[in-house]
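Please look at the sequence and the structure before reading on.

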Amino acid sequence: MADIKAWDTYAQQKPERRPTNARGETTWFNWTQYPDHGPGAEVLGIGPGGSALDLGCGKGGNLAHVAALGARAVGVDVSLAQLKAAEARWSDTGMVLHRTDAARFLAESGEDFDAVYSVFGAVWFTDPDVLLPAIRRRLRPGGVLAFSHRPPVEGCYGCQASYINRSEDQDPLVVKRWDYEPHRWVEILREHGFPAATARVLPAPPGPRTVGTLLVRAQG
Ligand SMILES: C[S@@+](CC[C@H](N)C(=O)[O-])C[C@H]1O[C@@H](n2cnc3c(N)ncnc32)[C@H](O)[C@@H]1O
């Protein structure tokens, strides 16, 4: 079960998405931690009439773009603060938001999806042995599971601690995340019924920062 207090705290620190991207678009899909970088929603292979589920949708920026493509856009997040921000900005898009834990939603919802994705979201912060079987059950045949987050630190694999800082006189809050090298993600996905998975690290854009983004895509 996700730590709601930690994620509500994170929500207060996370700035709003810009009004437009570098191309002047009001909605766009961003898989990486860098603006105007990396592939877009084509990774999901969805369009009008399709449906996509965002696990850990946060303030809803990517989900708004899914809705703009004409797909049914469903978002799940444990943080009320994140979902309030999503509602405040994107209520006119038709996106559907649920405040609940990702694994619980997948277990309790009867809805199937053409795509399930997670951008630095619940897939990173949930044990894959719990979440992947639950996703597998809700993904339509041929559907796409895709997720992104920071690559692992070399030698630090499996469950790791992530710190959400607070003021100087307060301890940071801690959430758990699961880190693996790309080849290990491909094996884990195969073990959970996703035989055709690819995983790669997208390089950081030119500049002072060097940490890339792990992008994983599997077809059900
Ligand atoms: C780092 S933020 C990323 C948010 C968004 N995907 C983005 O790209 O801005 C992680 C989000 O995942 C949510 N989250 C973490 N664990 C979750 C879980 N088990 N179920 C649902 N949401 C979760 C948090 O509340 C938070 O909004």
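In this predicted model, helix 1 (residues 4-13) and helix 3 (residues 80-90) have axes that come within 7 Å and cross at roughly 40 degrees. Because angles under 35 degrees count as roughly parallel and 65 to 115 as roughly perpendicular, helix 1 and helix 3 are oblique to each other. On the side of helix 1 the contact is made by Trp 7, Asp 8, Tyr 10 and Ala 11, which meet Leu 80, Ala 81 and Gln 82 in helix 3. By class, the residues of this contact divide into 5 nonpolar, 1 polar and 1 charged.

Tyr 10 and Gln 82 also belong to the lining of the largest pocket, where they are among the residues that lie nearest its centre, together with Lys 14, Val 119 and Phe 120. This pocket has a volume of about 1,300 Å³ and is lined by 47 residues, which the table divides by class.

| Class | Lining of the largest pocket |
|---|---|
| Nonpolar | 21 residues |
| Polar | 15 residues |

At least two residues of the lining come from each of helix 1, helix 2 (61-68), strand 2 (72-77), helix 3 and strand 6 (158-164), and helix 3 gives the most, with 4 residues.

The chain as a whole contains 6 helices and 9 strands. Its radius of gyration is 16 Å, close to the 17 Å that the globule rule gives for 220 residues, so the chain is as compact as a globular protein of that length. Along its principal axes, the C-alpha trace spans about 50 × 40 × 40 Å.

Methods:
Residues are numbered from 1 along each chain as its sequence is written. This is a predicted model: local features need pLDDT of at least 70, side-chain atom pairs count only at pLDDT 80 or more; totals for chains, interfaces and linings use all residues. Side-chain values use heavy atoms; hydrogens and water are left out. Axes are lines fitted to C-alpha atoms, for helices over the stretch in contact, and angles run from 0 to 180 degrees between N-to-C directions. Angles under 35 degrees count as roughly parallel, over 145 as roughly antiparallel, 65 to 115 as roughly perpendicular and the rest as oblique. Contact means heavy atoms within 4.5 Å. Ala, Val, Leu, Ile, Met, Phe, Trp, Tyr, Cys and Pro count as nonpolar, Asp, Glu, Lys and Arg as charged, and the others, Gly among them, as polar. On a 1 Å grid over the protein atoms alone, a cavity is a set of points where a 1.4 Å probe fits but cannot get out, and a pocket is an open set with protein on both sides within 12 Å along at least five of seven lines; lining residues have an atom within 4 Å of a point. Grid points are joined across faces, edges and corners, and a volume is the space filled by probe spheres set on the points. The radius of gyration is taken over C-alpha atoms; the globule rule is 2.2 Å times the number of residues to the power 0.38.
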